[in-house]
Amino acid sequence: MKILREHIKEFGVHDDGRLFRTSRGGVISIGTYCDAWKAARALALTPEQVVSPLAARPYDLRHAAVSLWLNAGVAAPDVAERAGHGVDVLLKVYAKCIDGGIEIANKRIDDALDS
């Protein structure tokens, strides 16, 4: 979060909320994102990880964020809104990413029955 706050302090955000934009305020091309992602992976990962499918695409980071929100217990409608799609798509694509859901659900049910 510190790096994000520093970036926003130095560069601000676009009127539409985008963090990253071209020098003239335009949308960054997918090719530019992919090139930056490839370079970042080479710097951040071990050589074995770089040749693996781990975080192979920029989209994988978004997928990880949405999975994190779901695993943190954020309600599906809220996660769907943040991710920019409907709950049906969210649960179809990300439901398999929810870890420990059965134990959490059982505890919530038990707690509700106890109250």
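Modeller: Accessible areas here come from the Shrake-Rupley method with a 1.4 Å probe, and for residues only the protein chains shown count as cover. The protein exposes about 9000 Å², of which carbon and sulfur atoms supply 62%. This is a predicted model: local features need pLDDT of at least 70, side-chain atom pairs count only at pLDDT 80 or more, and totals for chains, interfaces and linings use all residues. Residues are numbered from 1 along each chain as its sequence is written, and side-chain values use heavy atoms, with hydrogens and water left out.

Colleague: What percentage of the 115 residues count as buried?

Modeller: Buried means under 20% relative accessible area (1.4 Å probe, protein chains only). In this protein, 13% of the 115 residues qualify.

Colleague: How many helices and strands are there?

Modeller: Helices (H or I, at least four residues) and strands (E, at least two) are DSSP runs, numbered from the N terminus. The protein has seven helices and zero strands. Its radius of gyration is 18 Å, well over the 13 Å that the globule rule gives for 115 residues, so the protein is more spread out than a compact globule. That radius is taken over C-alpha atoms, and the rule is 2.2 Å times the number of residues to the power 0.38.

Colleague: Which element gives the largest share of the lining of the largest pocket?

Modeller: A pocket is an open set of points on a 1 Å grid where a 1.4 Å probe fits, with protein on both sides within 12 Å along at least five of seven lines; lining residues have an atom within 4 Å of a point. Helix 2 supplies the largest share of that lining, four residues.

Methods
Buried < 20%, exposed > 50% of the residue type's maximum accessible area, 1.4 Å probe, protein only.
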